[in-house]
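The sequence and the structure come first.

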Amino acid sequence: MNPISRRKLITGGVVTMTGMAGLAAADRIARRFGLIPPDGGGVYGPGETMTYAAQRLIGKHALAREFPRGMVSKTPFMNEVAPLSEEFKRHQAVGFKDWRLVVDGMVTRPVSLSVVDLRALAMGHQITEVVCEEGWSYIAEWIGTPLSTVLSEAGTLPQVRYIVYRSIQSDWWESIDMADALHPQTLLTWGMNDGDLPVGFGGPLRMRVPRQLGYKSVKYITHLTATDSLKRFGKGLGSASPEGGYAWYAGI
Amino acid sequence: MVCFSALLITGGEIVISHTRFYWGETGNVNMKPLFTIPIPSSRDTVPTGYGYVMPDQNGWSRYLHFEAAWLLVLTGVVYGIAGFWSGHFRKDLVPLQGERTWRAWWRAFRGMKSGDGTRSYNVVQRTVYLGVIFVLFPLVIWTGLALSPGFNAVFPLGVNLLGGRQSARTLHFFISDLLVVFLVVHITMIALNGFWSRTREMITGRAAQPAAPEVATGLAAEFVSEERV
C-alpha cells in the first residue's frame with residue numbers, strides 16, 4: 001500500500017470538515033423548524049428524524065387517501081384492547097352520557113365536552129384505511145368532530161406545538177404535532193359506518209389520525225392537553241409508544 | 001451489506017407479527033389470505049395453528065428497518081452517481097455488443113461454474129447485476145414506500161399503481177426474497193472462485209495478481225461501493 005499522500009490527507013480533511021459542518025448546519029435548521037421528533041435521540045434518532053423531517057417538508061398538508069363507499073371493509077378487525085376498567089364499564093352502563101373530553105394546557109378557554117356537545121359542535125367524515133404496524137388493514141367510514149374545531153373552541157395559544165391525548169386506559173397516551181392536530185382529516189370520532197362507534201373500535205370517542213399508523217388512533221379519549229414541549233410528559237419521548245420501543249412519528 | 005442484513009432481519013421480525021399475506025387494498029385476520037407463512041406469530045390475534053406466541057420485536061425492528069433503509073438509499077444514490085460518472089455501468093455492466101443474444105447468455109451461463117478466468121463480467125453477470133441495480137432495488141424501495149401512510153398521502157399513485165396496500169406489502173416481501181436469492185447465489189459463486197481473493201478485489205478494485213502495477217491503487221475508491229448490496 002502507498003502511504004497516504006499529503007494531497008489526499010488535505011482533501012480528505014476538507015471533505016470531512018465540510019461534511020461535519022453540513023451535518024451541524026442541518027441539525028440547527030431542523031431544530032429551528034421543528035423537524036426533530038421527540039424520540040429523535042439515540043441510535044435510531046437519525047433515521048426517525050430523516051423520515052419525520054422529509055414528510056413534513058414534502059407533504060405537511062397532504063390528505064390521506066379516501067376510498068369509495070363500496071370499498072368499506074365488510075369484516076373490519078377491531079384488534080384486542082386491554083381489559084376495560086370498572087370506570088369504563090360504569091360509563092358504558094349509562095350509554096356514555098357522562099363521558100367527558102377535557103381540553104386543557106395552553107388554551108385560553110379550558111373546556112369539558114360530552115359526546116353530545118361534540119356532535120353539536122361540528123361533523124366531519126371520511127372513508128379511510130386503518131393501517132396497523134403489524135401489516136393488516138381495513139377501510140371504514142369514520143364520523144366525528146374535527147380536532148381543529150375542538151382546539152379552536154378552546155383557543156390554543158400560538159406557541160402550542162403538540163397536542164397530547166389520553167385514553168381512559170391510563171397507559172395509553174399519545175401526542176401529535178400541529179400539522180396533524182390541525183389537519184382536516186384528524187377527527188375525534190364518535191361514529192363509524194353510519195352508526196355509533198362500537199366499543200371494540202374505540203367508542204364512545206376515538207382519535208383518528210389517518211396519515212399515521214393505527215397505534216396513533218387511540219381509543220376511549222378523555223383528555224387533550226395543548227403544549228409547547230413534550231419534555232414534561234412521561235419520559236419526555238412524546239408518548240407511550242417510544243417508551244414501549246415504538247416510534248413516536250408513525251407516518252413512517 | 002450491513003444495511004441489507006439489518007433490513008432483512010428486521011423485515012423478518014416485522015413479518016412475524018402478521019404472517020398472512022393478502023392481495024388488494026385491505027387485509028386482516030377476518031379476511032381470506034393469499035397465503036400464510038407456516039410459522040408462529042408474535043401476536044396472539046393471528047391464527048397460526050401454533051400454541052404459542054413469539055416475543056414482540058417490532059419496536060426496535062421498525063426503527064432499525066427505516067434507518068437502514070435511509071442509509072441504503074443514500075449509499076445507493078452515491079453509488080448510482082459514481083457509476084454513471086465513471087462509466088462503470090456503461091463499460092462493465094451493459095452487455096457487450098456481440099453478446100446480446102439468448103445463445104450468448106446460455107453459453108455464458110453454462111460456462112459459469114468453471115469460471116473463465118477473465119477479469120471482465122460475462123453477459124449473465126452483466127444482465128443480473130443490471131437487473132438487481134436498476135429493477136429489484138428501485139422496486140423494493142417503491143413497494144416499501146407504498147407501505148408508508150404518510151408517503152401515500154403525499155403520493156397516492158405510488159400505492160394505487162401497485163394495486164393497493166396489501167398488494168404492495170406482498171410484492172415487497174417477494175422482491176426482498178429475490179434479493180436474498182441473488183445474494184446467496186452471488187456469494188456462492190464468489191466462494192467457488194476463491195472467496196478471499198475475490199472479496200479483496202471487490203473492495204480495492206485491484207486484481208489479485210501480485211504483479212499488478214502500483215498505479216491501480218488510485219482507482220480503488222471509485223469501485224468501493226460496487227458490491228454493496
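The model described here is predicted.

Most residues other than glycine have a negative phi, and most peptide bonds are trans. Asn79(A) has a positive phi although it is not a glycine. Ile252(A), likewise not a glycine, also has a positive phi. The values are listed below.

| Residue | Phi |
|---|---|
| Asn79(A) | about 65° |
| Ile252(A) | near 60° |

A further backbone detail is the peptide bond from Gly203(A) to Pro204(A), which is cis, with omega near 15°. Pro204(A) belongs to the loop between β8 (195-196) and β9 (206-208) of chain A.

The sheet is next. In chain A, five strands in the order β2-β1-β10-β5-β6 form an open sheet with mixed pairing. Its edge strands, β2 (111-113) and β6 (173-177) of chain A, each pair on one side only. On average, neighbouring strands of this sheet are turned by 20° against each other, direction ignored.

Within chain A, strand β5 (residues 162-167) pairs with strand β10 (residues 221-227) in the antiparallel sense, over six bridges. Which residue in β10(A) is the bridge partner of Arg166(A)? The partner is His223(A).

Notes. Residues are numbered from 1 along each chain as its sequence is written. Chains are lettered from A and ligands numbered from 1 in the order in which they are written. This is a predicted model: local features need pLDDT of at least 70, side-chain atom pairs count only at pLDDT 80 or more; totals for chains, interfaces and linings use all residues. Helices (H or I, at least four residues) and strands (E, at least two) are DSSP runs, numbered from the N terminus. Two strands pair if DSSP finds at least two bridges between them. Axes are lines fitted to C-alpha atoms, for helices over the stretch in contact, and angles run from 0 to 180 degrees between N-to-C directions.
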